[in-house]
Amino acid sequence: ASDRYSFALPPHRRPGIVDPSINAGGTRRLPIMPTMADAVRHYNQGDRAAARAACEQILASGSKYNDARLLLARAIGDADARAWALAELAGQVSEGERPSVVSEALAAARAIANEFFRAEALARLPRHLSGPQLAEALALARAIGEENARARVLAQLARHVSEGERSRVASEALAAVRAFGGAKASAWALE
């Protein structure tokens, strides 16, 4: 009778526990659910694949664990995907963690070779930037040589700078649009 309702019981997390299942035709080992400690250990040992797999299992279990999400984002090898993921998470972490996550996103954006992708990554960050991080994002945006990409990120950043600086940053965005030309590109850059 106890086997009949075993599907409703929470799984045991200790290795070696056997689950007699009427559907399995015998006994089987329960899968061990990784913990965040496991994921962090793998990450710190340089095994990003194992860390990612552990985080994915934790998240697949329905966890809203931001530490798992951050570890997954940090384990992404591709700089533009990592910058985008970290920018997304910057809005979900605590106020205390936010500056660190934003710094990581800026560092990842800085590492992106393609100027268009770098601009897109930077354009995702403005609402989370303040002080020196905003200044760093502006410097990164101003260094983008591709006019339409530079215009787009400068237009996004202009909304978040101080009143005194807003007109100057907006003017830079407009100058980049004019240098690039084309009404369609201008509308895209300034949206």
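Predicted model: local features only at pLDDT ≥ 70, side-chain atom pairs only at ≥ 80, totals over all residues.
Let's start with the layout. The chain has 191 residues, and 38% of them count as buried. As for contacts between residues at least 6 apart in sequence, 48% of them join residues at least 24 apart. The accessible surface is about 10,700 Å², with 54% of that belonging to carbon and sulfur atoms.

Now, the inside. The largest nonpolar core has 37 residues, and the members that touch the most others are L106, L122, L129, V153 and L157. Several helices supply two or more residues to this core, including α5 (98–110), α6 (115–123) and α8 (147–158). There is also another core, apart from this one, with eight residues; M36, A39, A54 and A68 are among them.

Take L157 as an example. Setting aside residues up to four places away in sequence, L157 touches P126, L129, L134, A137, L138 and A141.

On to the charges. Side chains of opposite charge can pair when their charged atoms come close. This structure holds eight salt bridges, and I'll show you a few.

R152 pairs with E120, with the closest N and O atoms 3.1 Å apart. This pair links distant parts of the chain, as R152 sits in helix α8 and E120 in helix α6, 32 residues apart. Are these two buried or exposed? R152 is buried, at 14% relative accessible area, and E120 is buried too, at 15%.

Compare R98 and E95, whose closest N and O atoms are 2.4 Å apart. Here R98 is buried at 15%, whereas E95 is exposed at 62%.

Then, within helix α9, R166 and E163 lie three residues apart, about one turn of the helix. Their side chains meet in a salt bridge at 2.5 Å, N to O. R166 counts as partly exposed, at 28% relative accessibility, and E163 as exposed, at 62%. There is a network as well: salt bridges link R142, E165, R168 and E172.

Let me finish with R118, in helix α6. What the R118 side chain does reach is the backbone oxygen of A113, at 3.3 Å.

Methods
Residues numbered from 1 in each chain as written. Heavy atoms only, no water. Core = buried A, V, L, I, M, F, W, Y, C linked by side-chain atoms within 4.5 Å. Buried < 20%, exposed > 50% of the residue type's maximum accessible area, 1.4 Å probe, protein only. Helix = DSSP H or I, 4+ residues; strand = E, 2+ residues; numbered from the N terminus. Contact = heavy atoms within 4.5 Å. Polar contact = N/O pair within 3.5 Å; in protein donor to acceptor, adjacent residues only side chain to side chain. Areas by Shrake-Rupley, 256 points an atom, 1.4 Å probe, with all protein chains shown as cover. Salt bridge = Lys/Arg side-chain N within 4 Å of Asp/Glu carboxyl O.
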